[in-house]
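The notes are arranged by topic.

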Amino acid sequence: MVYNINMNILQEFDTISAISTPIATGGVGVIRISGDKSFEIAEKISDKKNFKHNYITHGWILDGEKKVDEVLILPFKSPKSYTGEDVIEIHCHGGVNIVKKILELTLLNGARHAERGEFTKRAFLNKKMDLSQAEAVADLIHSKTKDFVITSAKNLSGVLGNKIVEIRKNIFEVLSRIVAGIDFPEDVKEPEYDYLISEFKKSIDEIDEILKGADTSNILRQGVSVAIVGRPNVGKSSLFNTLLNIDRAIVTDIAGTTRDVLKETLDFGIPVTLVDTAGIRESEDVSKVEEIGIEYSKQSLDEADLVLFLYDASEGITKEDTDIWELVKDKKNIRIANKSDIAKCETDDLKISTKTKQGIDELKTKIKNIVCDVNPETLEFSTNIRQQNCLRDARASLMIALDGAERKELQDMISIDVKSALLALDELTGEVITDDILNNIFDNFCIGK
Ligand SMILES: Nc1nc2c(ncn2[C@@H]2O[C@H](COP(=O)(O)OP(=O)(O)O)[C@@H](O)[C@H]2O)c(=O)[nH]1
Ligand SMILES: [Mg+2]
């Protein structure tokens, strides 16, 4: 189904309900209900009636006669709610079985369990936010760094959406003038080709300006992968733990201890996923499990954006190290001599010790300089791959229109590409959208959001 939000297709929605907080023990738990029947359901399962709109009500959730929990009930009257519909939020004590029980009561009394992101999807379909804002909600929730939270909040406040609306307005104005010239040739003069050329160029420039931040946006969202690679016992897991500041990986002096690939994400301004790998070696003693680990290591090495090539300074560079270096040398890398507390080795490589922490700060700075050469603070807003594709489609159509205007093509023909550009921008903000795209977007949300 294609939604054209402008056409105000009437949506029939049932009442949905879900646990909106993590299902874990905590201070409070929130169950959210949205739809026409929300108030009625809340009345059925509580000792309160006739909620005063937009005021907090204190009461009890009841299962028949039995008290379930003492709660706060927040009744939001449509359209003043997150979804734009009647919404009830029940704030109960944050116990796993309490929230589950209250959810069950809402379901038994007429609600349907919400799908992933269904509350936000309704907020979008009810025009409480455009699609770029709905996507910003997902970005905020999934953000792996503090900086990206700030960028996503800018999108949530509508910065990207507003930019697109501005560009769209310009293009629409041009289209209107072309169409008027075609439809009423007696009364309205068709616009000058010079005017078309300058307007198309202006819009293309504005789109390019937005796309400039695309790579930074992608890195801020997805982050980069940094793999620690070396032969067994050089201190890879020790370095992994040191950089994470926790004892995550097992460290022993037995070669082949690490067999699985361990991954943890650090906030370096951008998300840096640090990967600890099994030591790469070829030996008769290698067990089946370690062999699989070594295969994984090679795979992590291939996928990494940066490789930390580690060797043991107290033993110098061995034949095994050289073999591994052959696998690493064509990738972005940092060569690191570990255990420099027990060895004096002459080398230009970075000397560190995970024991004394010598060189660790320097290593962090080096990593940052190599993988994080973006400044998140300069980003006015972010774009995601879907939005970037819409912008590129709009740009491509405008380029064809520009070419047509330069060749003084019939304006009727030019208008076709101008319309395509508008459509691509409408897809970005969700003015025109298909079911597939919508489902794809909201599948990335959690239940209850
Ligand atoms: N002296 C010294 N020993 C270290 C250092 N880093 C790691 N080790 C020791 O080297 C051994 C192997 O460490 P581990 O991190 O498990 O190495 P991996 O096999 O490369 O993961 C352990 O006994 C560690 O305590 C260091 O900087 N100095
Ligand atoms: Mg290890």
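This is a predicted model: local features need pLDDT of at least 70, side-chain atom pairs count only at pLDDT 80 or more; totals for chains, interfaces and linings use all residues.

Residues are numbered from 1 along each chain as its sequence is written, chains are lettered from A and ligands numbered from 1 in the order in which they are written, and side-chain values use heavy atoms, with hydrogens and water left out. Helices (H or I, at least four residues) and strands (E, at least two) are DSSP runs, numbered from the N terminus.

**Helix H6 with helix H14**

- Helix H6 (residues 159-183) and helix H14 (residues 411-429) cross at roughly 155 degrees, and their axes come within 10 Å; axes are lines fitted to C-alpha atoms, for helices over the stretch in contact, and angles run from 0 to 180 degrees between N-to-C directions.
- H6 and H14 are therefore roughly antiparallel to each other, on a scale where angles under 35 degrees count as roughly parallel, over 145 as roughly antiparallel, 65 to 115 as roughly perpendicular and the rest as oblique.
- The crossing of H6 and H14 is left-handed, a term used if the near helix is turned anticlockwise from the far one by less than a right angle, with right-handed used if clockwise.
- Residues of H6 that meet H14 include Leu160, Ile164, Ile171, Phe172 and Ile182, and among their counterparts in H14 are Ile414, Val418, Leu422 and Leu425; contact means heavy atoms within 4.5 Å.
- By class, the contact of H6 with H14 has 13 nonpolar, four polar and four charged residues, where Ala, Val, Leu, Ile, Met, Phe, Trp, Tyr, Cys and Pro count as nonpolar, Asp, Glu, Lys and Arg as charged, and the others, Gly among them, as polar.

**Helix H7 with helix H14**

- H7 and H14 pack at an angle of about 15 degrees with their axes 13 Å apart, and the two helices are therefore roughly parallel to each other.
- H7 passes H14 in a left-handed crossing, in which Tyr193, Leu196 and Phe200 of H7 make contact with Gln411, Ile414 and Val418 of H14.

**Helix H8 and its surroundings**

- Helix H8 (residues 214-222) packs with helix H13 (residues 385-406) at an angle of about 165 degrees, their axes lying 10 Å apart, and the pair is therefore roughly antiparallel.
- The crossing of H8 and H13 is left-handed, and in it Ala214, Ser217, Asn218 and Gln222 of H8 meet Ile385, Gln388 and Arg392 of H13.
- Two nonpolar, four polar and one charged residues form the contact of H8 with H13.
- Ala214, Thr216, Ser217, Asn218, Leu220 and Arg221 of H8 are buried, where buried means under 20% relative accessible area, exposed over 50%, and partly exposed in between (1.4 Å probe, protein chains only).
- The cover over the buried residues of H8 includes helix H4 (131-142), helix H5 (146-156), helix H7 (193-211), strand S10 (271-276) and H13.
- Just after H8, Gly223 takes a positive phi of about 80 degrees.

- Ala394 has its place in helix H13 and is buried, with a relative accessible area of 0%.
- Leaving aside its neighbours within four places in sequence, Ala394 is in contact with Ile207, Ala421, Ala424 and Leu425.
- Asn338, in strand S12 (residues 333-338), is buried with a relative accessible area of 1%.
- A polar atom of the side chain of Asn338 lies 2.9 Å from the backbone oxygen of Val234.

**Backbone features in loops**

- Ser78 and Pro79 are joined by a cis peptide bond with omega of about 0 degrees, and Pro79 sits in the loop between strand S5 (66-76) and strand S6 (87-94).
- Asn50 has a positive phi of about 45 degrees although it is not a glycine; Asn50 lies in the loop between helix H1 (38-44) and strand S4 (57-63) and is exposed, with a relative accessible area of 68%.
- Lys127, in the loop between helix H3 (118-125) and H4, has a positive phi near 65 degrees and is partly exposed, with a relative accessible area of 46%.

Technical notes. A polar contact is a pair of N or O atoms within 3.5 Å; within protein, one must be able to donate a hydrogen and the other to accept it, and residues adjacent in sequence count only if both atoms are side-chain atoms.
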